[in-house]
Amino acid sequence: MSKIIGIDLGTTNSCVAVLEGGEAVVIPNPEGGRTTPSVVAFKDNERMVGQIAKRQAITNPDRTVSSIKRHMGSDYKVNIDGKSYTPQEISAMILQKLKSDAEAYLGEKVTEAVITVPAYFTDAQRQATKDAGKIAGLDVKRIINEPTAAALAYGIDKENDQKIMVYDLGGGTFDVSVIEMGEGVQEVLATAGNNHLGGDDFDERVLNYMLSDFKANNGIDLRNDKMALQRLREAAEKAKCDLSGMTSTQVNLPYITADATGPKHFEMTITRAKFNELTHDLVESTMGPVRQALSDAGLKPSDINKVLLVGGSTRIPAVQEAVKEFMGKDPFKGINPDECVAVGAALQGGVLTGDVKGLLLLDVTPLSLGVETLGGVMTKIIERNTTIPTKKSQIFTTPADNQTTVEVHVLQGEREMAADNKTLGNFKLTDIPAAPRGVPQIEVTFDIDANGIVHVSAKDLTSGKETGITITSSTNMSKDDVEKAVKDAERYAEEDKKRREAIDLRNNADQLVFNVEKSMSEMGDKLPADDKAAIEERINALKEALKGDNLDEIRNKMNDVQAKFADLAQKAQAAAQAAGAAGAQPGAEPPKNDDGYVDADYRSVDNN
Amino acid sequence: METAENTETVGSEETAQQQTQQQEPSPQEKELEQLRGQVTEEKDRYLRLMAEFENYRRRTTKEKEAAYPEAVANIVKELLPVVDNFQRALEAPCSDEGYRKGVEMTYDGLMGVLRTMGLEEFGEVGETFDANLHNAVMHVEDENLGKNVISQVFQKGYRIGERILRYAMVQTAN
């Protein structure tokens with residue numbers, strides 16, 4: 001079953017998105033653009049759509065069509081090379097490109113779509129849009145209003161009945177809509193706008209300012225210099241965008257022109273305050289349609305529950321402030337304003353496919369899950385916020401020789417020490433074949449199903465013996481409890497870390513003593529008596545240090561042992577090589593995480 | 001005659017079947033049907049999800065591989081205005097030959113690095129206009145020039161391999 005794509009078929013630019021794994025993804029075109037210009041051109045029996053059509057528009061004005069949306073639903077015809085096209089047919093060409101871009105990106109066929117239209121579109125205009133889809137080979141499952149799509153993108157449709165204003169200041173048009181939304185309710189109460197007001201007008205103000213400034217300082221009118229004008233226009237647009245994020249920006253255009261006295265450069269600092277001053281009247285002019293729409297709907301600003309911002313120009317701080325001040329509340333602006341309409345359409349497509357309902361219900365484990373290991377620490381096996389269902393295993397071993405039982409203490413929480421976390425359950429794995437410490441392989445598996453039920457099992461890989469428990473309450477923590485647990489972990493992080501380090505150090509020291517003593521007994525007679533005494537002395541010093549709490553002492557004594565041991569190992573190897581026999585290769589380092597083998601041991605039952 | 005008999009037999013079988021069908025399916029049969037339906041539905045959702053995952057994985061791998069070249073292209077693209085300005089600097093009259101030479105050497109150094117990254121320029125006066133490479137911002141009619149050719153280059157075009165970093169900004173004729 002194919003995916004339903006969501007298409008924002010705009011006057012100047014179009015955008016297409018699709019739901020993937022419950023999240024809306026904007027589909028870039030092959031040139032990497034996340035929006036595609038709504039421009040179609042014909043040349044030498046070739047048809048071009050999008051950016052490429054825009055690039056050649058000036059060379060081919062009679063055969064390039066833009067803003068066809070303004071004619072949808074009318075009898076207008078485009079006549080090119082003796083052929084006549086309806087607006088639907090032209091729009092279909094744009095839709096066809098969006099369709100194939102989507103197919104290329106997704107790697108599968110696309111046959112169904114949701115397409116958005118302005119709230120004020122008549123039946124004829126909506127039908128024309130649906131027909132355009134059909135001509136393009138798309139089964140248009142739904143035509144939805146652009147402000148409604150925006151509301152969907154912001155997740156508003158699911159709440160109680162409310163009145164929403166959508167303020168859409170985009171490429172070249174400004175639209176205000178007041179809509180009533182709720183469960184099954186979607187009514188457009190009023191619309192207003194300005195068909196020829198957009199980001200370009202803001203750019204123009206900055207450009208004019210730059211031109212007059214340069215003229216004043218240098219006596220040269222750059223308007224006559226096409227190249228200079230082009231550079232300045234680009235710089236003006238960039239400055240506008242920069243000032244949405246910074247309070248001032250530098251415009252540097254060296255060698256902008258030249259006169260008898262030499263080359264001239266353009267340099268200017270533009271502040272946000274200046275930009276606001278230059279564009280103040282443009283922003284003010286948008287309030288007219290806002291007032292109009294409210295009045296037509298019979299509402300006051302305070303009657304509006306939410307205000308949504310759509311369209312690239314709503315990134316301008318002055319626009320956001322003006323809307324906030326007039327409406328008396330903060331507008332919603334989290335989602336990319338150029339893309340939120342397409343995103344909303346994709347969400348609608350997802351709802352129709354059944355995607356949204358199914359996949360958005362994925363749960364997560366609120367807190368980490370793990371087991372208690374040697375020294376009373378918690379070893380995490382599943383990290384918090386892991387999506388469930390999930391399954392993870394880890395292999396452990398025994399800390400004592402001939403240990404035949406391990407106790408599995410199942411914990412939930414973020415603290416380093418087992419005692420500081422919550423116990424979910426306990427069980428024992430028995431009848432482990434007797435073996436030296438560190439030899440048995442106990443596989444502990446955490447398996448959480450979609451309902452949050454945790455199955456913990458422990459299996460001795462040698463004997464195959466396995467047992468486990470089922471815990472049903474692992475996700476039954478209140479949000480407050482979870483937050484508290486996480487905050488506590490952060491608060492005690494330093495302390496916990498130190499305690500953990502101390503324990504790890506002790507464990508490593510123990511392991512070192514064990515390994516060295518083992519190697520010594522293996523070497524037996526090959527170890528010269530005075531060397532044996534020397535290393536025994538150091539081992540004893542380490543054992544003494546381990547009785548106390550001085551970590552640095554322990555570390556130093558460990559280094560002493562390791563150093564001497566390395567010495568002896570080298571000697572033994574040299575002697576063995578001289579004797580022509582293979583020498584013992586005792587490991588001087590405690591094993592550390594080789595092959596994912598964790599050097600964390602269980603406390604044996606006896607040590608309880 | 002045989003046919004007639006057969007028809008009769010079939011007739012009575014049908015009637016017998018109809019009779020059994022008119023009896024309600026047992027609760028177990030109903031539940032079985034429902035479960036069968038559920039299984040099919042779940043299986044379908046699972047398969048769809050697996051397929052989606054496969055596609056996503058395939059695409060993400062491609063994106064990962066493309067990440068480095070894309071990063072390089074983005075940085076080089078940001079440097080193009082600097083390249084333009086260097087070229088303008090060298091075109092401007094300069095009486096201090098030593099200073100000019102220094103600027104030229106710096107520019108050559110910059111271009112050396114960028115060419116190592118694969119940078120190539122394109123867009124010459126006289127070439128036929130190609131919307132795949134050029135962005136026409138002005139148009140003139142000029143008898144002395146061919147049909148649909150570039151009459152002026154405002155900004156050179158640059159690319160790395162197949163990827164166009166900047167389309168050549170041109171004026172076309174005819």
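Biologist: At 14% relative accessibility, is B:Asn148 buried or exposed?

Modeller: This is a predicted model, and in it B:Asn148 counts as buried, because its relative accessibility of 14% falls under the 20% cut-off.

Biologist: Where in chain B does B:Asn148 lie?

Modeller: B:Asn148 sits in a loop of chain B, the one between β2 (134-140) and β3 (149-155).

Biologist: Which residues is B:Asn148 in contact with, leaving aside its neighbours within four places in sequence?

Modeller: From chain A, B:Asn148 touches A:Lys43 and A:Thr59. From chain B, its contacts are B:Glu127, B:Thr128, B:Phe129, B:Ala173 and B:Asn174.

Biologist: What is the secondary structure of chain B?

Modeller: Chain B has three helices and six strands. Read from the N terminus, the order is α-α-α-β-β-β-β-β-β. Of its 174 residues, 26% count as buried.

Biologist: Among contacts in chain B between residues at least 6 apart in sequence, how many join residues at least 24 apart?

Modeller: The share is 62%.

Biologist: Now to chain A. How are two packed helices described?

Modeller: Two numbers are used: the angle between the axes and the distance between them. Take helix α12 (residues 493-523) and helix α13 (residues 529-547) of chain A: their axes come within 11 Å and cross at roughly 155 degrees. An angle over 145 degrees counts as roughly antiparallel, so α12(A) and α13(A) are roughly antiparallel to each other. The crossing of α12(A) past α13(A) is left-handed.

Biologist: Which residues meet where α12(A) contacts α13(A)?

Modeller: On the α12(A) side they include A:Leu512, A:Val513, A:Val516 and A:Met520, along with A:Arg506 and A:Asp510. On the α13(A) side, among them are A:Ile535, A:Ile539, A:Leu542 and A:Lys543. The residues of this contact divide into nine nonpolar, no polar and six charged.

Biologist: At what angle do α13(A) and helix α14 (residues 551-578) of chain A pack?

Modeller: The angle is about 160 degrees, and the axes are 9 Å apart. That makes α13(A) roughly antiparallel to α14(A). Their crossing is left-handed.

Biologist: Which residues of α13(A) and α14(A) meet?

Modeller: From α13(A), they include A:Ala534, A:Ile535, A:Arg538, A:Ile539 and A:Leu542. From α14(A), they include A:Ile554, A:Met558, A:Val561, A:Phe565 and A:Leu568. The residues of this contact comprise 12 nonpolar, no polar and seven charged.

How values were computed:
Residues numbered from 1 in each chain as written. Chains lettered and ligands numbered in written order. Predicted model: local features only at pLDDT ≥ 70, side-chain atom pairs only at ≥ 80, totals over all residues. Heavy atoms only, no water. Axes fitted to C-alpha atoms, helices over the stretch in contact; angles between N-to-C directions. Helix = DSSP H or I, 4+ residues; strand = E, 2+ residues; numbered from the N terminus. Parallel < 35°, antiparallel > 145°, perpendicular 65-115°, else oblique. Left-handed = near helix turned anticlockwise from the far one by under 90°. Contact = heavy atoms within 4.5 Å. Nonpolar A, V, L, I, M, F, W, Y, C, P; charged D, E, K, R; others polar. Buried < 20%, exposed > 50% of the residue type's maximum accessible area, 1.4 Å probe, protein only.
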